[in-house]
Amino acid sequence: LCGDLKMQVPCPFSLLCLQVIKCKAAVLWEANKPFSIEEVEVAPPKEHEVRIKIIATGICRSDDHVITGALVMPFPIILGHEAAGVVESVGQGVTSIKPGDKVIPLFVPQCGECKSCLNTKANLCSKTNLGTSAGLMPDGTTRFTCKGKAIYHFLGTSTFTEYTVVHESAVAKIDSAAPLEKVCLIGCGFSTGYGAALQTAKVEPGSTCAVFGLGGVGLSVIIGCKVAGASRIIAVDINSDKFAKAKELGATDCINPKDFNKPIHEVLMEMTGEGVDYSFEVIGRTDTMTAALACCQFNYGVCVIVGVPPAAQKITFDPMLLFTGRSWKGSIFGGWKSKDAVPKLVADYIKKKFVLDPLITHTLPWTKINEGFDLLRTGK
């Protein structure tokens, strides 16, 4: 029985819930190797868990960080954390979601009970796997096996597979009209950048912004700055091929650090007088983090770190940059409380409050996932 226990009504999905699903997944057996398309067994969802059929998944730089070793995780592992799908079955005690619902997995869960979830200023739920390398479900086990070996989870989501299992706190039900091949981006990249501007920095109308890095997340920051009413948005990247799309989405200026013989923060200072009101580092490099801080207005400028910091690296900067009044902030998942915000962001997309299509550069069958990562690494 996995229906209402009080009524003891047999659930029509009860037999299905008991079955192990065999499906295809992209397994990463070790670092710095290609993904291997394998048949895996996906166990039924346990109490308060949900099994999802993945329809569409995006490729994110954070996944690549695991491949290169910049983000340390156990192997073998199924990566992926930016996706959308349909609920296949639910475990005992799940009441907010039912089979057939369209959903987005959440790499930042929202349990609704921890200090962060109860604090209006916070969004990093204590049940998150960020900052840990456990690679397991909350009960300390995995739902994936392949060739008799246990396969680890990634960020509680693992979306590079036809079916995955997540905790109920790590999934959001979305509008049934949502196109899953578009809104999957709301599972990470778009929400992270868009929220960094609107939620974390709280960009104000008429302000000046600088965005370092014009990947999907950086472009989403630009969308957020424009929606917030920024009057000037300066896009910074060493790949000038990205400038056309940045301008299409709202950038007013585009500059390439390679075109100058002086530090880029000095260039931005000269362009804006005393510096920008808001800056965003959306690359994940310590040198661009300090440059983004230095290009802010010295007294009230706000700099937001959006790019994942490289593992085992320290940052060195002149403390006078902060002493004069600048603010330096980090942003996880754009500051959104995931379970609350994701359905609203999907609804906003359906209402055409923002666009997602320009962020999608290629659509590939997922068996070509290694080609997709090659496109990521070459800036395409």
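This dialogue goes through several local features of a predicted model.

Visitor: What should I know about the model before reading it?

Guide: The model is predicted, so local features need pLDDT of at least 70 and side-chain atom pairs count only at pLDDT 80 or more, while totals for chains, interfaces and linings use all residues. Residues are numbered from 1 along each chain as its sequence is written, and side-chain values use heavy atoms, with hydrogens and water left out.

Visitor: How are two packed helices described?

Guide: By the angle between their axes and the distance between the axes. Helices (H or I, at least four residues) and strands (E, at least two) are DSSP runs, numbered from the N terminus. Axes are lines fitted to C-alpha atoms, for helices over the stretch in contact, and angles run from 0 to 180 degrees between N-to-C directions. Here, helix 2 (residues 61-68) and helix 12 (residues 369-377) have axes that come within 11 Å and cross at roughly 100 degrees. Helix 2 and helix 12 are therefore roughly perpendicular (under 35 degrees is roughly parallel, over 145 roughly antiparallel, 65 to 115 roughly perpendicular, the rest oblique).

Visitor: Which residues make the contact between helix 2 and helix 12?

Guide: Contact means heavy atoms within 4.5 Å. Helix 2 contributes Arg-61, Asp-63, Asp-64 and Ile-67, and helix 12 contributes Phe-373, Leu-376 and Arg-377. By class, this contact has three nonpolar, no polar and four charged residues. For the classes, Ala, Val, Leu, Ile, Met, Phe, Trp, Tyr, Cys and Pro count as nonpolar, Asp, Glu, Lys and Arg as charged, and the others, Gly among them, as polar.

Visitor: Which residues of helix 12 are buried?

Guide: Buried means under 20% relative accessible area, exposed over 50%, and partly exposed in between (1.4 Å probe, protein chains only). In helix 12 the buried residues are Ile-369, Gly-372 and Phe-373. They cover an arc of only 95 degrees around the axis, which puts them on the same side of helix 12; the arc is that of the directions from the helix axis to the C-beta atoms. Their cover includes strand 1 (21-27), strand 2 (36-42) and helix 2.

Visitor: Why do residues three or four places apart in a helix point the same way?

Guide: An α-helix has 3.6 residues a turn, so residues at that spacing point the same way. Take helix 11 (residues 338-350). Ser-338, Ala-341, Val-342, Leu-345, Val-346, Asp-348 and Tyr-349 are its buried residues. Seen down the axis of helix 11, these fall within an arc of 160 degrees, so they line one face of the helix. They pack against strand 5 (102-105), strand 9 (171-173), helix 4 (180-183) and helix 5 (189-201).

Visitor: What span should helix 11 have?

Guide: The expected span is 1.5 Å times one less than the number of residues. The 13 residues of helix 11 should therefore span 18 Å, and the end C-alpha atoms are 18 Å apart, which agrees.

Visitor: Where is a cis peptide bond found?

Guide: A cis bond joins Phe-75 and Pro-76, with omega about -5 degrees. Pro-76 is in the loop between helix 2 and strand 4 (83-90).

Visitor: Is Ser-279 buried or exposed?

Guide: Ser-279 is buried, with 0% relative accessible area, and lies in strand 13 (residues 278-281). Not counting residues up to four places away in sequence, Ser-279 touches several residues, including Ala-210, Leu-293 and Cys-295.

Visitor: Which residues does Leu-198 contact beyond its sequence neighbours?

Guide: Leaving aside neighbours within four places in sequence, Leu-198 contacts Gly-224 and Ala-228. Leu-198 lies in helix 5 and is partly exposed, at 25% relative accessible area. Leu-198 and Gly-224 are 26 residues apart along the chain, with their C-alpha atoms separated by 6.0 Å.
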